[in-house]
Each structure stands twice: as structure tokens, then as C-alpha cells.
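This report goes through parts of one structure for a reader who has not seen it before. The sequence and the model come next.

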Amino acid sequence: MEIDPFIFRLSIFILSIFVGYYVVWSVTPSLHTPLMSVTNAISSVIIVGAIIAALAGSSEKIFEVSNIFGFLAIILAAVNIFGGFLVTQRMLQMYKKKKK
Amino acid sequence: MSSNLSALFYLISGILFILALRGLSSPETSRQGNYFGIAGMLIAIFVTFLSIGNFGPGFIYVIIFLIVGGSIGAFIAFRIPMTAMPELVAGFHSLVGLAAVFVAISAFLKPEAFGLGIVGNIKLASLVEMSLGAAIGAITFSGSIIAFLKLRGIMSGSPITFKGQHLINLILGLTIIFLIYYLCNTQSANIFWSMVIISFIVGVLLIIPIGGADMPVVISMLNSYSGWAAAGIGFTLENSALIITGALVGSSGAILSYIMCKGMNRSFFNVILGGWGATDQTTDIKTKEQKPVKNGNADDAAFLMKNASSVIIVPGYGMAVAQAQHALREMVDGLKKNGVKVSYAIHPVAGRMPGHMNVLLAEANVPYDEVFELEEINNDFANCDVAYVIGANDVTNPVAKSDPQSPIYGMPVLDVEKSKSVLFVKRSLSPGYAGIDNDLFYRDNTLMLFADAKKMTEEIVKSL
């Protein structure tokens, strides 16, 4: 019997939870705020779905209801991607070691 | 681009996201980690464009909206003051949540574009996945908005509770599950919309009973939710980058919530159900007898610290409110010139989000190797001459170790009282968030400095 592709996705999901668990425990507590802003930025990879939604359908009717939701989602995710990565970068820039 | 090839690229971008988080294990590797994250995002976006392969007029709009959103995001990122970081993160969470809802709605309205079947006959598994994505996304959105309003001070930080609150939440939660079940049977759009709307309401109800100082837990929890919402959408779209990211973010937020709860010695449910602050207001009234405190001024403080050989600074949320981090750094520079050894002690729940104090100190150019976590530094208080408590309160209360009756009993606290003398900057003797008196105020070795944190620190700088 063939294995449902869903099972593969579920395996990826569960393994990633474990990876996330170990990776996040190794994050130093002083970087917990950048951790939150960077997880914010990467979870905006949901923009992939937004792009698909925005471009769905025929090219004559660009602004059907479902496309509009896609475009709105693109704006939201883009704010997050740029905002998230840049603010993380700005924070990380500030962490300096003692000058010897 | 073939779907197999694009799946491989999505996997690569997922791995880059893992490396982005891995980089945060030390400040040296963290910047590189951030670049990995950006690379992963670029790959994911380009691969999506290539796999759709439709470069018609719609594509131009995609680019325009990307630029519009990106400019807004970049503008915010450069302009936001570091003290506003908690509300910024809450605001960003709400956007992820809402984006998840929108993508789910779009997939529900036009399933054929995502290869999920046709309207009225969407694959059952996809329907469940997109409903979960939409429901969690909606809860994340409205919950984060409330958290944002509370952190921004637009809404009062005190818990809003009413009778039967938890029962209503429970009923609404069950209703969502019920509606998803019915949605699968009927494929009805009305049920889908009702489920989304109820989820928005649940998000609001879930966060309003939680008080200001519990915000570190709330923000971490919403962080986690935004991840699970992304994962739900990832399953719908059969996209491994989204599934991996969702799982990473989901577990990251969950771990942070756990660390924050442990920092307060409270269970997750206790925080979520909004226990503290609200219930303990009665206890502080009856213990309000006038006890003598020692009152000092900036000159006393400067004298004490200048002649000390080691000083430990204990910052808290009050430092963020007063924006005192720069003045504090100046003071420390002055002390170092006098040969005083200075370090900083950070309690896990100091501030309004995990790591809040560390970012503020980093902003003020405090080297991160002078900043220590509770476990690292707690033994050093016994050998230190002066502890300078600025804007912290409950996290220094020795009652947490001695009085089993106290609501904060068992919470890990900084052993500030063990240092030879304690300087406590505070505007008044009012109790902290937990609503209990701080025993430390009345100790013989404590000198209270009644003033605004920033003003007092600046005055000390002058008299050094």
C-alpha cells in the first residue's frame, strides 16, 4: 500500500518541532528578544501562500475576491518580513563585547 | 519549475531558517544567522514566483504590494525605539495571524488554485488544515492586538475579568471545533465565516484577563500560536518551508512561555486564566502598617558606590519606562573610572518580554559579557558591596524565599538582600505588580532612593 503524502508532511512537521526544541534551548537568554523578532520574520514565509492566492485564476480578472485577500496578505507578510529582519539586525548590531 | 524541484528549494529555505535560529546561540554568530534567515526568505519567494510562472499583470501588483508592505516594515524597523520592542513584536504577531487568516480564506474561496479540489467539494484533510490555520491565525491576530494595546498603554494593563469568563471561553472553543466538524460535512461558507469570527472573539477574551507584568508569557504564547497557524497553512499548501518554519516558531514560542512561567514559579494555566494581580489586591491593604525605611539621596548613593569594590545593577521594567538605560551606563562608566567592578543581574521575567532588559542595555552600549542571568550571578550578591536596584521590585522580594503564604512564594528571586548595602530606586513604597509589599524596603542595609529612575541616576552621575 502506498503511503499518503500527508504522512510525509506530518513527519517533517514533527521532526521540525524536535529540531526547534533543541535549537531554541541553545539560544542564549540575552538574545530572547531578537529570537522573537526573527521567528516573527521567518513565520512570514506564509507570503508563499499569499502570492499563490494573489495570482490564482485567469490573468484577465486580477482582482477577484480571493485574489484581494491574497494581495492583502502579501502586504501584511511583507511588513513583517522587512520589519522583522531589519529590526533583528538593528538589535544584533548593538550587542558588543567589552573592549579589551 | 517542476514541483519536485521547488519542493527541494523550499526544504533548503527551511534549513536556512533553522540555521537562523541556531545562530542566536551566541551574539557573535547571531548576525550571520540573521543573513541565513534572509537568504531562506528570498529563496522561498523566488521559488514561488518561478513555480507559478505567471508573469502577467497580476505579477506586477504582487511586486507593488511587496514593496509597499516592505517599505512600511523597513520604516517601522528603523524608527522604533528599543523600549517599544514588546509592542512591536506583539504588533508583528498580529500581522502573521491575519495573513494566515487571509490565505486560508482565499484557499477556501478558490481551492482549485491551490490544488485542493473545487468549491463545495474541498478535500477533507485540506479543509481541516485550512480551518485550523484560520482559527489559530484569527486568535493570534485579535489576541496580539489586545496585547499590543495593553503594552502601548492605550488599554489599561490591569486584568479585565468577569464572572463565567472561563466557561464562555471553553464554550466558544468547543464551538469552533464543532463548526470545523460541520464544515467538513456541509462545506458551507457560512459555517466557515462563523468559525473565523468566533475565533477572533476568542482571541480577545483570552488576553483581556491577563495583567501587564504577565505580558512576557502572553507574547511568547502568541509567538507560538503564530507558528502553529503558519504550520496549518503549510499543510494546506503542502509546502515544507512553511511546515518547518511553523514547527520551529511554534516550539520556540512554547519554550519561551515555559521559561517565563518558570521565572515566576507559576503554571502556564495559572497565567492564562489570569490569576495574579487581580485576586491579591486584598492582601496588600491589610499589611499596610507604617514601617520605618531609610531614605537617601543621590550624594549618599554616589558615596556608597564610589567606595565599593563591586556593584551589581538590577534593572527592571521601571528602567525601561523611565528610559534610564543610557544614564545608567554613564553612571557605570563613572564607577569604573573609580576602579569599581560592575556587573548587571537580569531576572528572566524582568521587563515586558523575554530578553527585554538585555536589548535595552545593549542599546546603551553595555557589553553583553557584563550582563548575567539569574543563575549565573545569584551567588555573587553575598560578596558584593552595593546592589543598585533600578526599576525592579517583585523579582528582588526575599519574601518569595521565606513566606509560604505569599503569592510569589517559590518564585526564583535575585538575592539582592545578601549584598552589604542595597540602593533601591523607586518612586514610592507602593507594592509591585504582584500586589505585595517588598520586605527589602525595610531592611537595615537598604537605602531607598525615592525618585524617577532616570533622574536619580543622572544625579548620581553628577555627584560621582
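## Terms and basis

Two residues are in contact when heavy atoms of theirs lie within 4.5 Å. The model is predicted, with local features needing pLDDT of at least 70 and side-chain atom pairs counting only at pLDDT 80 or more, while totals for chains, interfaces and linings use all residues. Residues are numbered from 1 along each chain as its sequence is written, chains are lettered from A and ligands numbered from 1 in the order in which they are written, and side-chain values use heavy atoms, with hydrogens and water left out.

Strands (DSSP runs of E, at least two residues) and helices (H or I, at least four) are numbered from the N terminus.

Strands pair if DSSP finds at least two bridges between them. Strand 3 runs parallel to strand 4 (residues 341-346) of chain B, joined by 4 bridges, and B:Ser310 has B:Lys341 as its bridge partner there. Strand 3 also pairs with strand 6 (residues 386-390) of chain B in the parallel sense, over 5 bridges; here B:Ala387 is the partner of B:Ile312.

## B:Ser343

B:Ser343 belongs to strand 4 of chain B. With a relative accessible area of 7%, this serine is buried. Beyond residues up to four places away in sequence, B:Ser343 touches B:Val311, B:Ile312, B:Ile313, B:Glu370, B:Phe372 and B:Ile377.

## Nonpolar cores

A nonpolar core is a set of buried Ala, Val, Leu, Ile, Met, Phe, Trp, Tyr and Cys residues joined through side-chain atoms within 4.5 Å. The largest has 187 residues, and B:Ile313, B:Tyr388 and B:Ile460 have the most contacts inside it. Helix 4 (residues 85-109) of chain B gives the largest share of this core, 16 residues. Another core, of 5 residues, lies apart from it and includes A:Phe13, B:Ala231, B:Phe235 and B:Ala247.

Leaving aside neighbours within four places in sequence, the contacts of B:Tyr388 include B:Ile312, B:Ile313 and B:Val314. Among its other contacts are B:Leu423, B:Met456 and B:Ile460.

Technical notes:
Buried means under 20% relative accessible area, exposed over 50%, partly exposed in between (1.4 Å probe, protein chains only).
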